[in-house]
Amino acid sequence: MPTFAAVDIGSNSCRLKIAEVQMHRLKTLHEDREVTRLGESVFQTGVISPEAMAATIRALKRFHKAVQLHVADKVRVVATSAMRDARNSDAFIEWVRSATGWNVEVISGLEEGRLIHLGVVTHEVGARGRCVLIDLGGGSCEVTVSDGGRIKSMVSLPLGAVRLQQEFLMTDPPAREDVARLKQYIDRELKKAEKKIGMPRAALVIATSGTASALAEASSDARKKAAIKDKKKSLVKKRVEHVGTLTAHSTEVRALVDRLAKMRDEQRAAIPGIGPRRSEIIVGGAFVYASLMERFGLKSFRYSSLGLRDGMLAQMLGDADLRTSVHQKIESERWAGVLEVCRRYGIEQRQVEPVRQHVVELFHALVRVHELPEEYRLWLESAAMMQDVGKFMNHQGHHRHAQYIIANSEIFGFSPEQRVIVSALARYLGKTRPDAMDRVMRTLPIEEHTNVIRAIALLRLAAALNQDRASATLRIRIYVYPKRVLLELAPSRGGAELEAWSVKKEATYFREVFRRELFVEVV
């Protein structure tokens, strides 16, 4: 069975998780974590320091050995907030590639939130109902409202623990005026969040990452001490034995953050759950949690050890195993992302739907001819739907504009490489045909060139079958022979002469790509 490895290069720490697929599920084989503070210098100077780079590379080399030891079939390496902000991120990416052979994928805040949500709803008990997810990392904080396992709304905020520590809290303990500025900044960002996600109503709040773990454990310890003081030992035992869950209430977090802000680092480090490394950055993150819970009326949160790496592994499982519910969820998210782009750029679904239908029909009927991987079906459907988004900018040269928009848009569930593939398919629907030296083709991985060219030939054929989109969709029959392909066109009303003429124009390119003749008949 395949083995997957997920590497999360965060602003505060690097994490590795390796899992094997067993009976369509993931079984964890190995985990590792190293605090490297990659974002510490970024949030001060805008660049990653050589020391932080070197520390992270050492951790990644150790991760690389573990990945080799477990013979992972696929490795995905992503970087988050610090790498999004750093001016010298390209230099670090090249260093990682040189040291490990891995290609680092810098993901957006929303993609980070989507993957965390995927990991949590796949494994966490109760997360498939209505809930709020909070992930506060080193550089950013993602808040997601989920219902039925689907994302309803999400916001990514620059409220990471390391970022806030470096930008606001210069002394130990923090100066009163610095704390005041921090609170104002947090309030400003949370007001923006409220405009985007409103006031989420959910009984369950799940928080992930180190700050949440520290606050939940410290709050739990405080509850136990209070219970012992009040001689309620039975309550202590009940709380401790409750399936190992850690929770924190809004009032507990507020009381804790007020204490932490007045302590020195060594005092904070002595609090159970916080420790020496977390104590250096806990204050800013604690203020975010206190303010966020109060503003949105969240009474408590439950800590989950799941995170970004779990979402990455779930994504790899879903892409590899089409029979899993995870695969269906990922495809649903991707399709919702495509429809959102269409809505944003004024594309009417009824106008492009016939092209999508025909490209799917061609994909299945000509599978022996094109020999494309199954995932290209979705890439073709997506390109068919979004082919005209470039008209939002200008009708002239709109295929070029469509390529740019698709490649650079935030589309849920699509990695940057996948967006580049879809954008290339949409780019070559006009007079231009793909050439290996084109700028667009050069952005593609070389191993995808043949697949992309074959997919473009199918999509051009589907577009040719839909010249008059106001008329009823053509019914087609496809016959595949050893040296030729025959398309029979049977329009439900009206003629199909224009479509037949357009398909015949594609015959030369079809023969060039697939080494088969293409014939068309109107019946």
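Which residues does Phe 301 touch, not counting residues up to four places away in sequence? The legends below begin with that residue and refer to a predicted model.

**View 1. Surroundings of Phe 301.** Leaving aside residues up to four places away in sequence, Phe 301 touches Val 205, Ala 207, Ala 212, Leu 215, Ala 216, Leu 246, Thr 247, Ala 248, Val 253, Tyr 289 and Met 293. Phe 301 is also one of the residues with the most contacts inside the largest nonpolar core, together with Ile 9 and Phe 92.

**View 2. The nonpolar cores.** The largest nonpolar core has 76 residues. Helix 13, residues 282–295, gives the most to this core, contributing nine residues. In soluble globular proteins, nonpolar side chains tend to be buried together.

**View 3. His 249 in strand 10.** Strand 10 covers residues 247–249 and contains His 249. With a relative accessible area of 32%, His 249 is partly exposed. Its contacts, not counting residues up to four places away in sequence, are Arg 223, Met 293, Lys 299 and Ser 300. Lys 224 lies 25 residues from His 249 along the chain, and the C-alpha atoms of these two residues are separated by 14 Å.

**View 4. Helix 18 and the helices around it.** Helix 18 has 12 residues, 375–386, and at 1.5 Å a residue it should span 16 Å. The C-alpha atoms at its ends are 17 Å apart, which agrees with that expectation. Because 11 of its 12 residues are buried, helix 18 is largely enclosed by the rest of the structure. The buried residues are Tyr 376, Arg 377, Leu 378, Trp 379, Leu 380, Glu 381, Ser 382, Ala 383, Ala 384, Met 385 and Met 386. They pack against helix 15 (325–344), helix 16 (349–365), helix 19 (398–408), helix 20 (416–427) and helix 22 (449–464).

**View 5. Cys 131 and Cys 141.** Cys 131 counts as buried, at 0% relative accessibility. Cys 141 likewise counts as buried, at 0% relative accessibility. The count of disulfides in the model comes to zero.

Note on methods
Residues numbered from 1 in each chain as written. Predicted model: local features only at pLDDT ≥ 70, side-chain atom pairs only at ≥ 80, totals over all residues. Heavy atoms only, no water. Helix = DSSP H or I, 4+ residues; strand = E, 2+ residues; numbered from the N terminus. Expected span 1.5 Å × (residues − 1). Buried < 20%, exposed > 50% of the residue type's maximum accessible area, 1.4 Å probe, protein only. Contact = heavy atoms within 4.5 Å. Core = buried A, V, L, I, M, F, W, Y, C linked by side-chain atoms within 4.5 Å. Disulfide = S-S within 2.5 Å.
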